Amino acid sequence: MDPQDHDRFREFVESRWSALLRLANLLTGGDRHEAEDLVQSALMKALGRWSHIDDPEGYVRKVMYRHQISRWRLRRPHREATFAAPPEDAGAGDATADADLRIAVGRALVRLTPRQRTMLVLRYFEDLSESEVAKVLGCSVGTVRSTTHRSLARLRALAPELGSGAGTAHTTPSGSLPEGARS
């Protein structure tokens, strides 16, 4: 690798590390160590082809998606994360509502299977179309639709507080779940 490519790679990693780590964190269900491993593996793969890559971020993200798919295809036993019980409702005027929402979404995502979590992350957090998700995952659009549907149903069952606005004053705003996720 020539010095210019080395500098470009270093700048890319320094500027995009946190965004890539956030994506990896979602893909791995919140396991910080697995997320770091996922990003580092993708960056190592990109390093070897750096001079031939036109869109570095797109390339690294695609490598991350595919590496994560390989992980859940290995069918390792799913490790369930344990959390302390959430605090009681703090009230409608509480400034922590957004943090509570992020925690609830994170807890619900961790309890999904890796395949379901990957599908929802690509579809709604990465905002990819069904056909783009199918292309990235190497499956049919029908598989994306059915898996997304089942994943959203399971997400609703695991975290009913993320659903529609009915309930307490501390429910999430209507925009908290993706458009297709609201019942």
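This is a predicted model: local features need pLDDT of at least 70, side-chain atom pairs count only at pLDDT 80 or more; totals for chains, interfaces and linings use all residues.
Residues are numbered from 1 along each chain as its sequence is written. Local features need pLDDT of at least 70, side-chain atom pairs count only at pLDDT 80 or more, totals for chains, interfaces and linings use all residues, and side-chain values use heavy atoms, with hydrogens and water left out.

**Exercise 1.** Work out where Glu14 lies and whether Glu14 is buried or exposed.

*Solution.* Start with the helix: Glu14 sits in H1, residues 3-27 (a helix is a DSSP run of H or I, at least four residues, numbered from the N terminus). Next, check the cover: Glu14 has a relative accessible area of 60%.

**Exercise 2.** Find which backbone oxygens the side chain of Thr28 reaches.

*Solution.* First place the residue: Thr28 is in the loop between H1 and helix H2 (32-48). Then look at its cover: with a relative accessible area of 8%, Thr28 is buried. Now follow the side chain of Thr28: it reaches the backbone oxygen of Asn25 at 3.4 Å. The Thr28 side chain also reaches the backbone oxygen of Asp31, at 3.4 Å.

**Exercise 3.** Say how far apart Val133 and Val144 are in sequence and in space.

*Solution.* Begin with Val133, which belongs to helix H6 (residues 130-137). Val133 is buried, its relative accessible area being 0%. Finally, compare the pair: Val133 and Val144 are 11 residues apart in sequence, and 7.0 Å apart in space, C-alpha to C-alpha.

Terms used: Helices (H or I, at least four residues) and strands (E, at least two) are DSSP runs, numbered from the N terminus. Buried means under 20% relative accessible area, exposed over 50%, partly exposed in between (1.4 Å probe, protein chains only). A polar contact is a pair of N or O atoms within 3.5 Å; within protein, one must be able to donate a hydrogen and the other to accept it, and residues adjacent in sequence count only if both atoms are side-chain atoms.
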